[in-house]
Amino acid sequence: MGALLKDISDFINSQRGDLRIRLLTDMDPARVVSLMHFSLFFKNSDLKIQKIAVVSGSVNEPELLFCPTDATVTVLSYENDPYLYDLTKDWSASEYKQHHAAYDLVLCEQVLEHLLDPARAFHNLATLLKPGGITHVSVPAINNTHGEPHYFYAGFPKATLEAFAGNAGLDVLLCDSWNSDKAARMYSTCDWAPIAVSGPLNLSLQGLKLCSKNIRTVFGILSGRLSNFFTYPFQGLFTPSKNGNATCTWIFARKST
């Protein structure tokens, strides 16, 4: 078992049963890889998180499962108020004053590709942070047209996120990506599938200590999508890219104290 495959297997296996099923059967592999790195970052961080803002997301963001349970979560949702919470507006304006320098952690997951001006979005995220606060942004590194109501970018490499953060006055703590030739081919056509279908068979059935409910869930998905046996052979998804093909990118950036 390769190093990343083992890390993913250990990460999923360490979660409670309902989250384990969700990671295997509901999330695309790139989000699972990004989430694993998110959990590792905060496991090794001494950041005191009391107030969290989720920007253009919801209380169901899986990253919240790895944040302190006693933290206050505020959702600034474009879907709930597309005028006020449009990330391409200037959030330094007085109408956003209650949110200025208010949060220890700001999450913005899989959003930038849907914005015409992602550089402005980083300035807005920085405006929300307390001094010393951290923002986490995850984006596709390559993806085809998807999502509503808009889609503008096929993805962002690490250098772009680092430039966005730096220009917004943020210090880059960590910027990384998942590089996989097979995954890059899948995402370039938006033809991804959950790990239980697209991942190696030993990850789904051998690498995890699955209870009977998990096994039934996995086999139910496999039997319902037999065509994926040909589209997604159970090898190579977590093999490191030989050509530098990134699939997803994420960044942790801090507002200076």
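A salt bridge, as the term is used here, is a side-chain nitrogen of Lys or Arg within 4 Å of a carboxyl oxygen of Asp or Glu. I start there because side chains of opposite charge can pair when their charged atoms come close. Before the examples, some ground rules. This is a predicted model, in which local features need pLDDT of at least 70 and side-chain atom pairs count only at pLDDT 80 or more, while totals for chains, interfaces and linings use all residues. Residues are numbered from 1 along each chain as its sequence is written, and side-chain values use heavy atoms, with hydrogens and water left out.

Now the salt bridges. The whole structure holds 6 of them. Take glutamate 61 and arginine 31, whose closest N and O atoms are 2.8 Å apart. Glutamate 61 sits in the loop between β1 and β2 (72-76), arginine 31 in helix α3, so this pair links distant parts of the chain, 30 residues apart. Helices here are DSSP runs of H or I with at least four residues, strands are runs of E with at least two, and both are numbered from the N terminus.

Are these two partners buried or exposed? Buried means under 20% relative accessible area, exposed means over 50%, and partly exposed is in between, with a 1.4 Å probe and protein chains only. Glutamate 61 has a relative accessible area of 13%, so it is buried. Arginine 31, at 15%, is buried too.

The next pair is arginine 120 with aspartate 90, at 3.4 Å from N to O. Arginine 120 belongs to helix α4 and aspartate 90 to the loop between β2 and β3, so the bridge ties together parts 30 residues apart in sequence. Arginine 120 counts as partly exposed because its relative accessibility is 26%. Aspartate 90, at 36%, is also partly exposed.

Third, lysine 130 pairs with aspartate 104, and the closest N and O atoms are 3.4 Å apart. Lysine 130 lies in strand β4 and aspartate 104 in strand β3, so parts 26 residues apart in sequence are tied together. Lysine 130 is partly exposed at 23%, whereas aspartate 104 is buried at 9%. Salt bridges with shared partners also join Arg31, Glu61 and Glu63 into one network.

Back to arginine 120. What does arginine 120 touch, not counting residues up to four places away in sequence? Contact means heavy atoms within 4.5 Å, and the list is Leu87, Thr88, Lys89 and Asp90. Arginine 120 is also 8.3 Å from alanine 168, C-alpha to C-alpha, although the two are 48 residues apart in sequence.

After α6 comes cysteine 190, with a positive phi near 55°.

On to the interior. In soluble globular proteins, nonpolar side chains tend to be buried together. A nonpolar core is a set of buried Ala, Val, Leu, Ile, Met, Phe, Trp, Tyr and Cys residues joined through side-chain atoms within 4.5 Å. The largest one has 36 residues, and Ile52, Leu105 and Trp178 touch the most other members. Elements that each supply at least two of its residues include α1 (3-13), α3 (29-43), β3 (103-109) and β6 (246-255). Helix α3 gives the most, 8 residues. Apart from this core lies another, of 32 residues, among them Val106, Leu112, Leu125 and Leu129.

Last, the pockets. On a 1 Å grid over the protein atoms alone, a pocket is an open set of points where a 1.4 Å probe fits, with protein on both sides within 12 Å along at least five of seven lines, and lining residues have an atom within 4 Å of a point. Volume is the space filled by probe spheres set on the points.

The largest pocket has about 610 Å³ of space. It is lined by 26 residues, with Ser56, Glu79, Val111, His114 and Glu148 closest to its centre. The second largest pocket has about 350 Å³ and 19 lining residues, and those nearest its centre are Asp28, Arg31, Gln110, Tyr187 and Trp192.
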